Amino acid sequence: MEKEVWFRPFVWMDYRLAVLFTVVIPLILLIWAFVQKAEGMQRLLAIYWRVSSLLAITIYLMIAQYPVSFISGFMARILIPISLWFWVDLNDEIEYQSSGPLKLTFTSWRWATTFYCILGSLAFIPFLRCAFSENVSNNPNCYVWFEAPLGFKEWFHPNTSASFLGILGILGLVIYVLYLIYFVLIKLGKQGRSATQQ
(Lines give C-alpha, C1' and ligand atoms only; values in the text may rest on other atoms or scores of the structure.)
Protein backbone atom coordinates (compact mmCIF):
# COMPACT_ATOMS: atom_id res chain seq x y z
CA MET A 1 0.00 0.00 0.00
CA GLU A 2 2.93 2.28 -0.82
CA LYS A 3 1.24 3.88 -3.84
CA GLU A 4 1.62 7.62 -3.60
CA VAL A 5 -1.57 9.53 -2.88
CA TRP A 6 -1.40 13.22 -3.71
CA PHE A 7 -3.39 14.31 -0.66
CA ARG A 8 -1.42 12.21 1.88
CA PRO A 9 0.30 15.32 3.38
CA PHE A 10 -3.14 16.89 3.96
CA VAL A 11 -4.39 13.76 5.74
CA TRP A 12 -1.38 13.81 8.06
CA MET A 13 -1.85 17.54 8.61
CA ASP A 14 -5.47 16.84 9.53
CA TYR A 15 -4.38 14.30 12.16
CA ARG A 16 -1.87 16.77 13.60
CA LEU A 17 -4.51 19.50 13.77
CA ALA A 18 -6.91 17.03 15.40
CA VAL A 19 -4.37 16.28 18.14
CA LEU A 20 -3.85 20.00 18.72
CA PHE A 21 -7.49 21.16 18.66
CA THR A 22 -9.26 18.13 20.10
CA VAL A 23 -6.73 16.81 22.65
CA VAL A 24 -3.90 19.14 23.67
CA ILE A 25 -5.68 22.50 23.89
CA PRO A 26 -8.91 21.24 25.55
CA LEU A 27 -6.83 19.31 28.10
CA ILE A 28 -4.89 22.47 28.96
CA LEU A 29 -8.15 24.42 29.13
CA LEU A 30 -9.74 21.85 31.43
CA ILE A 31 -6.85 22.07 33.90
CA TRP A 32 -6.85 25.88 33.62
CA ALA A 33 -10.62 26.04 34.20
CA PHE A 34 -10.28 23.89 37.35
CA VAL A 35 -7.48 26.12 38.67
CA GLN A 36 -9.54 29.26 37.97
CA LYS A 37 -12.74 27.60 39.29
CA ALA A 38 -14.58 28.47 36.06
CA GLU A 39 -17.49 26.08 36.56
CA GLY A 40 -19.30 26.83 33.30
CA MET A 41 -16.19 26.05 31.28
CA GLN A 42 -15.54 22.94 33.37
CA ARG A 43 -19.01 21.59 32.63
CA LEU A 44 -18.82 22.41 28.93
CA LEU A 45 -15.40 20.78 28.65
CA ALA A 46 -16.69 17.68 30.48
CA ILE A 47 -19.48 17.45 27.89
CA TYR A 48 -16.94 18.02 25.13
CA TRP A 49 -14.71 15.17 26.34
CA ARG A 50 -17.66 12.77 26.43
CA VAL A 51 -18.64 13.66 22.88
CA SER A 52 -15.12 13.75 21.48
CA SER A 53 -14.41 10.27 22.83
CA LEU A 54 -15.87 9.16 19.50
CA LEU A 55 -12.59 10.30 17.94
CA ALA A 56 -10.64 7.91 20.16
CA ILE A 57 -13.08 5.12 19.27
CA THR A 58 -12.54 5.94 15.59
CA ILE A 59 -8.76 5.58 15.96
CA TYR A 60 -9.17 2.04 17.30
CA LEU A 61 -11.63 1.18 14.55
CA MET A 62 -9.14 2.48 11.97
CA ILE A 63 -6.32 0.43 13.48
CA ALA A 64 -8.39 -2.65 12.62
CA GLN A 65 -9.24 -1.03 9.25
CA TYR A 66 -12.99 -1.32 9.78
CA PRO A 67 -14.96 0.63 7.16
CA VAL A 68 -17.40 1.89 9.83
CA SER A 69 -14.55 4.06 11.13
CA PHE A 70 -15.19 6.50 8.28
CA ILE A 71 -18.75 7.05 9.48
CA SER A 72 -17.76 7.39 13.15
CA GLY A 73 -15.01 9.87 12.26
CA PHE A 74 -17.41 11.94 10.18
CA MET A 75 -20.04 11.92 12.94
CA ALA A 76 -17.46 13.01 15.52
CA ARG A 77 -16.69 16.10 13.44
CA ILE A 78 -20.39 16.95 13.41
CA LEU A 79 -21.14 16.23 17.07
CA ILE A 80 -18.18 18.16 18.50
CA PRO A 81 -19.32 21.65 17.33
CA ILE A 82 -22.85 20.83 18.49
CA SER A 83 -21.53 19.93 21.95
CA LEU A 84 -19.62 23.22 22.12
CA TRP A 85 -22.57 25.51 21.36
CA PHE A 86 -25.80 23.64 22.15
CA TRP A 87 -26.16 24.43 25.85
CA VAL A 88 -28.01 27.71 26.49
CA ASP A 89 -27.17 28.00 30.18
CA LEU A 90 -23.46 27.32 29.68
CA ASN A 91 -23.23 29.75 26.78
CA ASP A 92 -24.77 32.46 28.99
CA GLU A 93 -22.56 31.62 31.96
CA ILE A 94 -19.40 31.77 29.85
CA GLU A 95 -20.56 34.96 28.11
CA TYR A 96 -21.10 36.75 31.43
CA GLN A 97 -17.83 35.59 32.91
CA SER A 98 -15.34 38.41 33.45
CA SER A 99 -12.83 38.90 30.66
CA GLY A 100 -9.36 37.49 31.03
CA PRO A 101 -6.78 35.21 29.40
CA LEU A 102 -8.80 32.05 30.15
CA LYS A 103 -12.01 33.37 28.61
CA LEU A 104 -10.15 34.67 25.55
CA THR A 105 -8.28 31.39 25.05
CA PHE A 106 -11.41 29.30 25.61
CA THR A 107 -13.50 31.36 23.20
CA SER A 108 -10.74 31.30 20.57
CA TRP A 109 -10.41 27.53 20.89
CA ARG A 110 -14.16 27.03 20.68
CA TRP A 111 -14.44 29.01 17.45
CA ALA A 112 -11.26 27.49 15.95
CA THR A 113 -12.42 23.95 16.76
CA THR A 114 -15.85 24.66 15.32
CA PHE A 115 -14.39 25.88 12.01
CA TYR A 116 -11.87 23.02 11.95
CA CYS A 117 -14.62 20.42 12.41
CA ILE A 118 -16.96 22.00 9.87
CA LEU A 119 -14.27 22.35 7.19
CA GLY A 120 -12.92 18.90 8.05
CA SER A 121 -16.32 17.27 7.74
CA LEU A 122 -16.90 18.91 4.34
CA ALA A 123 -13.48 17.75 3.12
CA PHE A 124 -14.17 14.25 4.48
CA ILE A 125 -17.45 13.76 2.57
CA PRO A 126 -15.77 12.22 -0.54
CA PHE A 127 -14.20 9.55 1.69
CA LEU A 128 -17.50 8.37 3.13
CA ARG A 129 -17.71 5.97 0.20
CA CYS A 130 -14.85 4.09 1.88
CA ALA A 131 -17.35 3.04 4.55
CA PHE A 132 -19.17 1.01 1.91
CA SER A 133 -16.13 -0.36 0.12
CA GLU A 134 -15.62 -4.13 0.16
CA ASN A 135 -11.84 -3.83 -0.11
CA VAL A 136 -11.18 -0.67 1.85
CA SER A 137 -7.62 -1.73 2.73
CA ASN A 138 -6.77 -2.19 -0.95
CA ASN A 139 -7.94 1.28 -1.93
CA PRO A 140 -5.02 3.73 -1.57
CA ASN A 141 -7.41 6.68 -1.23
CA CYS A 142 -9.04 5.00 1.78
CA TYR A 143 -5.98 3.29 3.23
CA VAL A 144 -4.16 6.61 3.63
CA TRP A 145 -6.52 7.39 6.54
CA PHE A 146 -5.34 4.24 8.36
CA GLU A 147 -1.66 5.20 8.31
CA ALA A 148 -1.66 7.57 11.30
CA PRO A 149 -3.78 5.23 13.50
CA LEU A 150 -1.41 2.37 12.62
CA GLY A 151 1.47 4.61 13.68
CA PHE A 152 -0.40 5.28 16.94
CA LYS A 153 -0.65 1.51 17.45
CA GLU A 154 3.10 1.08 16.97
CA TRP A 155 3.76 3.73 19.62
CA PHE A 156 1.20 2.80 22.26
CA HIS A 157 0.16 -0.82 21.53
CA PRO A 158 3.15 -2.46 19.82
CA ASN A 159 2.44 -5.91 21.27
CA THR A 160 -1.34 -5.90 20.85
CA SER A 161 -3.06 -7.27 17.75
CA ALA A 162 -5.00 -4.90 15.53
CA SER A 163 -8.01 -7.20 15.65
CA PHE A 164 -8.18 -7.02 19.46
CA LEU A 165 -7.94 -3.22 19.37
CA GLY A 166 -10.66 -3.24 16.73
CA ILE A 167 -12.91 -5.25 19.06
CA LEU A 168 -12.32 -2.64 21.77
CA GLY A 169 -13.29 0.01 19.22
CA ILE A 170 -16.50 -1.83 18.32
CA LEU A 171 -17.43 -2.20 22.00
CA GLY A 172 -16.71 1.47 22.56
CA LEU A 173 -18.84 2.40 19.56
CA VAL A 174 -21.78 0.29 20.75
CA ILE A 175 -21.65 1.85 24.23
CA TYR A 176 -21.31 5.34 22.72
CA VAL A 177 -24.31 4.88 20.40
CA LEU A 178 -26.48 3.40 23.17
CA TYR A 179 -25.66 6.29 25.50
CA LEU A 180 -26.26 8.83 22.73
CA ILE A 181 -29.68 7.31 22.00
CA TYR A 182 -30.55 7.33 25.72
CA PHE A 183 -29.38 10.93 26.07
CA VAL A 184 -31.26 12.25 23.03
CA LEU A 185 -34.51 10.33 23.52
CA ILE A 186 -34.80 10.39 27.30
CA LYS A 187 -32.53 12.81 29.14
CA LEU A 188 -32.62 15.64 26.62
CA GLY A 189 -36.34 15.16 26.06
CA LYS A 190 -37.06 15.60 29.76
CA GLN A 191 -34.56 18.33 30.64
CA GLY A 192 -34.01 20.29 27.43
CA ARG A 193 -31.11 22.48 26.31
CA SER A 194 -30.52 23.90 29.78
CA ALA A 195 -29.90 20.48 31.32
CA THR A 196 -26.15 20.51 31.88
CA GLN A 197 -26.13 19.27 35.46
CA GLN A 198 -24.63 15.80 35.40
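Here is our conversation about the helices and their terms.

Modeller: Gladly! This is a predicted model, where local features need pLDDT of at least 70, side-chain atom pairs count only at pLDDT 80 or more, and totals for chains, interfaces and linings use all residues. Residues are numbered from 1 along each chain as its sequence is written, and side-chain values use heavy atoms, with hydrogens and water left out.

Biologist: Why is α4 called oblique to α5?

Modeller: Helix α4 (residues 88–95) and helix α5 (residues 101–124) pack at about 140°, their axes 11 Å apart. Angles under 35 degrees count as roughly parallel, over 145 as roughly antiparallel, 65 to 115 as roughly perpendicular and the rest as oblique. The angle therefore makes α4 oblique to α5.

Biologist: Which residues make the contact?

Modeller: N91, I94 and E95 of α4 meet K103, F106 and R110 of α5, where contact means heavy atoms within 4.5 Å.

Biologist: How do you know that the length of α3 agrees with its residue count?

Modeller: The expected span is 1.5 Å times one less than the number of residues. For the 18 residues of α3 (residues 68–85) that should be 26 Å, and the end C-alpha atoms are 27 Å apart, so the two agree.

Biologist: What makes Y143 count as buried or exposed?

Modeller: Buried means under 20% relative accessible area, exposed over 50%, partly exposed in between (1.4 Å probe, protein chains only). Y143 has 17% relative accessibility, so this residue counts as buried. Y143 sits in helix α6 (residues 140–143). Among the buried residues of α3 are F70, F74 and L84.

Technical notes:
Axes fitted to C-alpha atoms, helices over the stretch in contact; angles between N-to-C directions. Helix = DSSP H or I, 4+ residues; strand = E, 2+ residues; numbered from the N terminus.
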